[in-house]
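My notes follow the order in which I looked things up.

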Amino acid sequence: MRIARFSIDGNVAFGAVEGDAAPGAEGELVLDIIKGIPFADFELSGTKVPLSKVRLLPPVLPNKVVAVGRNYAEHAAELGNEVPDAPLTFFKPSTSVVGSGDPITYPSFSQDLHHEAELAVVIGRMCREVPRERVKDVILGYTCANDVTARDVQQREKQWARAKGFDSSCPLGPWIETDLDPRDLTIQCTVNGEQRQLGRTSDMVRSIEDLIVHITEAMTLLPGDVILTGTPAGVGPLNVGDEVAVTIEGIGTLTNKVIKRG
């Protein structure tokens with residue numbers, strides 16, 4: 001099931017996405033409004049609205065986003081880094097999250113903004129110290145993410161809080177796919193239609209199971225929390241006016257435009 005979060009007539013709701021989202025598919029996508037929230041038992045209301053009549057929102061509002069760096073060997077190498085001995089984790093605040101179609105605001109303190117296409121894991125239940133064999137039980141589904149990074153700031157500051165945590169630096173969407181095998185999916189990033197990144201989740205150094213076991217050894221994850229699993233090689237600059245799109249096989253496309261900070 002594809003679960004979207006959206007607003008219509010000033011109200012916010014979740015809905016199940018129906019129809020074929022593939023490019024060139026005939027027919028319009030519609031949303032069957034969900035009774036309740038996707039983190040508990042819910043029913044479909046049968047009330048349907050066209051996707052074109054709503055505004056898509058970030059599919060979740062996470063309490064925290066736990067991101068993983070250098071989880072693809074070729075990406076680590078392209079920036080002159082080694083693959084770390086243990087998962088390299090950092091946080092992106094909830095205020096960094098925006099949805100598909102929302103703008104990425106170029107931060108005033110950077111002159112080198114980069115895209116990083118990533119598979120995002122959405123947590124479905126509160127969990128801590130998750131054993132490997134139970135990891136699937138705590139996952140609601142998967143979505144597309146862009147770990148937008150002020151590369152110059154990341155390189156000169158020891159902590160990455162500003163470089164990766166500024167407002168609009170974590171686009172998520174367009175929706176959550178709950179029925180997906182994440183082990184070997186194509187990840188692609190385009191800028192103004194030109195391909196920049198192309199990789200597969202099978203190239204991850206550490207699997208989703210590895211990451212969730214590692215993270216939950218240290219902290220409790222809450223429903224709606226998000227884990228970013230790393231980016232393949234090909235990261236590069238974004239400029240004001242660029243349209244950046246992250247497409248992941250089996251999920252869909254997350255699209256955002258870069259704007260100047262007002």
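**Ground rules**

I am working with a predicted model, where local features need pLDDT of at least 70, side-chain atom pairs count only at pLDDT 80 or more, and totals for chains, interfaces and linings use all residues. Residues are numbered from 1 along each chain as its sequence is written, and side-chain values use heavy atoms, with hydrogens and water left out.

**Whole chain**

I started with secondary structure and got 4 helices and 20 strands. These are DSSP runs numbered from the N terminus, helices being H or I with at least four residues and strands being E with at least two.

Next I checked the radius of gyration, which is taken over C-alpha atoms. The chain comes out at 18 Å, in agreement with the value near 18 Å for a compact globule of 262 residues; that rule is 2.2 Å times the number of residues to the power 0.38. Along the principal axes, the C-alpha atoms fill a box of roughly 50 × 45 × 30 Å.

I also looked at burial, and 52% of the 262 residues count as buried. For my own record, buried means under 20% relative accessible area, exposed over 50% and partly exposed in between, with a 1.4 Å probe and protein chains only. The chain exposes about 12000 Å², and carbon and sulfur atoms supply 48% of that; the areas come from the Shrake-Rupley method with a 1.4 Å probe.

Contacts (heavy atoms within 4.5 Å) came next. Among those between residues at least 6 apart in sequence, 70% join residues at least 24 apart.

**Salt bridges**

I searched the whole structure and found 14 salt bridges. The criterion is a side-chain nitrogen of Lys or Arg within 4 Å of a carboxyl oxygen of Asp or Glu.

I picked out Glu18 and Lys48, whose side chains meet with N to O at 3.0 Å. Glu18 sits in strand E2 (residues 11-18) and Lys48 in strand E4 (residues 43-50), so the pair links distant parts of the chain, 30 residues apart. I noted Glu18 as partly exposed at 26% relative accessible area, and Lys48 as partly exposed at 47%.

Then I checked Asp102 and Arg55, whose closest N and O atoms are 3.0 Å apart in a salt bridge. They are 47 residues apart: Asp102 is in the loop between strand E8 (97-98) and strand E9 (104-106), and Arg55 is in strand E5 (residues 55-56). Asp102 is buried at 11%, while Arg55 counts as partly exposed at 48%.

Arg151 belongs to helix H2 (residues 151-156), and Glu116 lies 35 residues away in the loop between strand E10 (113-115) and strand E11 (117-123). Arg151 and Glu116 are both buried.

As background, most residues other than glycine have a negative phi, and most peptide bonds are trans. I looked for exceptions.

The peptide bond from Gly173 to Pro174 is cis, with omega near 5°, and Pro174 is in strand E14 (residues 170-177).

Glu129 has a positive phi, near 50°, and I placed it in the loop between E11 and strand E12 (139-146). Ser168 also has a positive phi, near 75°. Ser168 is in the loop between helix H3 (161-165) and E14, and counts as buried at 5% relative accessibility.

In helix H4 (residues 208-216), I listed Ile208, Leu211, Ile212, Val213, Ile215 and Thr216 as buried. What do the buried residues of H4 pack against? My list reads strand E6 (65-69), strand E7 (88-92), E11, E12 and strand E17 (226-228).

Last, I looked at Pro131, in the loop between E11 and E12. Pro131 counts as partly exposed at 36% relative accessibility. Pro131 and Ile212 are 81 residues apart in sequence, with their C-alpha atoms 8.8 Å apart in space.
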